[in-house]
Amino acid sequence: MEDRIVLLVEDDPADVRLVQRAFAKVGLQAPLVRLGNGDDVVAYLKGDPPYENRAAYPLPTVILLDIKLPRRSGLEVLEWVRARKNPVRRIPIVMFTSSRHSTDINGAYDAGANSYLAKPETTAQLVAMAEAFKTYWIHLNEQPTLQQAA
Amino acid sequence: MNVRINRPILFVEDDPTQAKLMMRAFEQAGVSRGIFHATTGEQVLSYLNGFGKYSDRTKFPTPVLVILDLRLPDLPGLQLLNAMRSRPETRRIPVVVFSGSADDKMIAAAYDAGANSYIPKSGTAKERAETVAAIVRYWLDMNRVPNPPSVQTARAV
């Protein structure tokens, strides 16, 4: 499990703190990398500067992706990831957003989201969600291999 | 957290022993009545596309989740997944591949074909119960479900 990394893409610092606290509470061992806008996610996944060093900036096991983001929206990031020719296209992406609108939910699945979570309203619900997320995506799900075939 | 939607899990498994064990695990996880068990790819496609007796959507609602064994007697599971993803009626339905194979190539192929998740079949009864409970907890209680394109009603918040 030590090579498992969660990439949290969230621009609101208050939401970042809530998620960090919820994951700490459920004992998530996997490191949580946080990025605040869509362009940074693309740079990170491409390994563009300042993210060239894969040892320091490893590819994530799963991405928790907000929809409303500065510069490039979550859906644009999702479409970018799924259009890659390399194994990056297979990274599981879980949308994590305050929107509960069916147009957003349907649009996310159409663009290739693996799952869609609506940000809960209470801390207790967020902790329960963090626990279910950890159990499912970190412990249970088989992640695709992300290394390029030689 | 979600209010559980009154739509079934479509569970696809051709091996009777495996199916029986899994159905017991679903029962333990509290969803015994919300499972439709299919044994062939043809049956799955008929159900999903509403052919024949499955045209009655009140009796056979669009599933909230498909749990798919890749080895089926009549149709490779990946082909079935591709067929689902190519049709508007079925392209958004979350599919968890449930497989005895942990081969990297198979896992990659499943994600490329549009699997939402890939879960290895578990060995012991305890592991199976935990796996099924986690699947149910995540996909029924946490995940937000897409609508089939024909049903464009907004869901209650």
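Predicted model: local features only at pLDDT ≥ 70, side-chain atom pairs only at ≥ 80, totals over all residues.

A crossing of two helices is called left-handed if the near helix is turned anticlockwise from the far one by less than a right angle, and right-handed if it is turned clockwise. From H1(A), the contact draws on Leu18(A), Val19(A), Ala22(A), Phe23(A) and Lys25(A), and from H5(A) on Leu126(A), Val127(A), Ala130(A) and Phe133(A). Sorted by class, the contact of H1(A) with H5(A) has eight nonpolar residues, no polar residues and one charged residue. The axes of H1(A) and H5(A) come within 9 Å and cross at roughly 60°. Angles of 65 to 115 degrees count as roughly perpendicular and those under 35 as roughly parallel, and H1(A) and H5(A) are therefore oblique to each other.

Helix H1 of chain B covers residues 16-28 and helix H5 of chain B covers residues 125-142; they pack at an angle of about 55°, with their axes 9 Å apart. H1(B) and H5(B) are therefore oblique to each other, and H1(B) passes H5(B) in a right-handed crossing. On the H1(B) side you will find Leu21(B), Met22(B), Ala25(B), Phe26(B) and Gln28(B), which meet Arg128(B), Ala129(B), Val132(B) and Val136(B) of H5(B). Seven of the residues in this contact of H1(B) with H5(B) are nonpolar, one is polar and one is charged.

What happens where H5(A) meets H5(B)? In H5(A), the residues in contact are Ala128(A), Met129(A), Ala132(A), Phe133(A), Thr135(A), Tyr136(A), Trp137(A) and Leu140(A), while H5(B) brings Thr131(B), Ala134(B), Ile135(B), Arg137(B), Tyr138(B), Trp139(B) and Met142(B). By class, this contact of H5(A) with H5(B) has twelve nonpolar, two polar and one charged residues. The axes of H5(A) and H5(B) come within 10 Å and cross at roughly 130°, so H5(A) and H5(B) are oblique to each other. The crossing of H5(A) and H5(B) is left-handed.

A search of the whole structure finds three cavities of 30 Å³ or more, and the largest cavity has a volume of about 80 Å³. Its lining is made of Val19(A), Ala22(A), Phe23(A), Leu64(A), Phe96(A), Leu117(A), Leu126(A), Met129(A), Ala130(A) and Phe133(A). Helix H1 (13-25) and helix H5 (123-140) of chain A are the elements that give two or more residues to this lining. Which of them gives the most? H5(A) does, with four residues. The lining of the largest cavity has ten nonpolar residues, no polar residues and no charged residues.

Finish with two backbone details in chain A. Most residues other than glycine have a negative phi, and most peptide bonds are trans. Pro49(A) and Pro50(A), however, are joined by a cis peptide bond, with omega about 5°. Pro50(A) lies in the loop between helix H2 (38-46) and strand E3 (62-65) of chain A. Arg71(A) has a phi near 70°, a positive value in a residue other than glycine. You can find Arg71(A) in the loop between E3 and helix H3 (74-82) of chain A.

Notes. Residues numbered from 1 in each chain as written. Chains lettered and ligands numbered in written order. Heavy atoms only, no water. 1 Å grid on protein atoms, 1.4 Å probe; cavity = no way out; pocket = protein on both sides within 12 Å on 5 of 7 lines; lining within 4 Å. Points joined across faces, edges and corners; volume = space filled by probe spheres on them. Nonpolar A, V, L, I, M, F, W, Y, C, P; charged D, E, K, R; others polar. Axes fitted to C-alpha atoms, helices over the stretch in contact; angles between N-to-C directions. Parallel < 35°, antiparallel > 145°, perpendicular 65-115°, else oblique. Contact = heavy atoms within 4.5 Å.
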